[in-house]
Amino acid sequence: MAAQNSAGIQTLLDAEREAQRIVQKARTYRTQKVKEARSEAQKEIEEYKKQKEAEFKRFEAEHSGSNAQAEQEADRQVQEQLLEIKRIGAEKMDKVVADLVKAVIDVNPKPHRNAKKVR
């Protein structure tokens with residue numbers, strides 16, 4: 001009976017060792033799969049990042065030309081407006097100077113409208 005108990009205990013110990021090996025193997029397998037999943041996710045992230053950067057470069061290239069065109073158009077309009085202002089200033093300079101001289105020479109003092117009348 002002692003031999004039978006000893007054999008039963010040995011069988012249990014063997015089963016426990018086998019279970020520990022299986023658990024360790026499962027842990028190793030799980031760790032390996034997690035590492036693989038992380039590396040695969042990192043690759044996908046890098047690929048997605050490259051794709052979005054290429055998309056952005058393409059968008060930037062398409063729209064940078066229109067910015068330059070808009071800038072040139074705005075500069076052209078500003079130059080036209082400056083020429084128009086200078087032209088009008090040259091046309092009306094004599095009248096403006098005459099009006100200023102007249103205002104300085106012909107002084108017409110009046111009391112302010114809020115000033116009280118003194119009698």
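## A walk along helix α1

Start by selecting Glu-55 and Lys-52: their side chains make a salt bridge, with the closest N and O atoms 3.5 Å apart. Keep in mind that this is a predicted model. The pair sits in helix α1, 3 residues apart, so about one helical turn separates Glu-55 from Lys-52. Colour by accessibility and both come up as partly exposed, Glu-55 at 35% and Lys-52 at 34%.

Now zoom out to the whole chain. There are 1 helix and 0 strands to look at, and helix α1 covers residues 2–105.

Next, colour by charge. You'll find 25 positive and 21 negative side chains, and the centres of those two sets are 9 Å apart. Opposite charges can pair when their charged atoms come close. How many salt bridges does the structure hold? There are 9.

Go to Lys-33 and Glu-36 for one of them, with N to O at 3.5 Å. Both residues belong to helix α1, 3 residues apart, about one turn of the helix. Lys-33 is partly exposed at 37% relative accessible area, and Glu-36 is partly exposed too, at 35%.

Then jump to Glu-91 and Arg-87, whose side chains meet in a salt bridge at 2.4 Å, N to O. Here the spacing is 4 residues within helix α1, again about one helical turn. Arg-87 counts as partly exposed, with 40% relative accessibility. While you're on salt bridges, select Glu-73, Arg-76 and Glu-80: shared partners join these residues into one network.

Click on Val-101, which lies in helix α1. Is Val-101 buried or partly exposed? Its relative accessibility is 41%, so Val-101 counts as partly exposed.

Last stop: Arg-21, also in helix α1. At 54% relative accessible area, Arg-21 passes the 50% cut-off and is therefore exposed. Draw a C-alpha to C-alpha distance from Arg-21 to Thr-11: the two are 10 residues apart in sequence and 15 Å apart in space.

Definitions and conventions: Residues numbered from 1 in each chain as written. Predicted model: local features only at pLDDT ≥ 70, side-chain atom pairs only at ≥ 80, totals over all residues. Heavy atoms only, no water. Helix = DSSP H or I, 4+ residues; strand = E, 2+ residues; numbered from the N terminus. Buried < 20%, exposed > 50% of the residue type's maximum accessible area, 1.4 Å probe, protein only. Lys, Arg positive; Asp, Glu negative; His and termini not counted. Charge placed at Lys NZ, Arg CZ, Asp CG, Glu CD. Salt bridge = Lys/Arg side-chain N within 4 Å of Asp/Glu carboxyl O.
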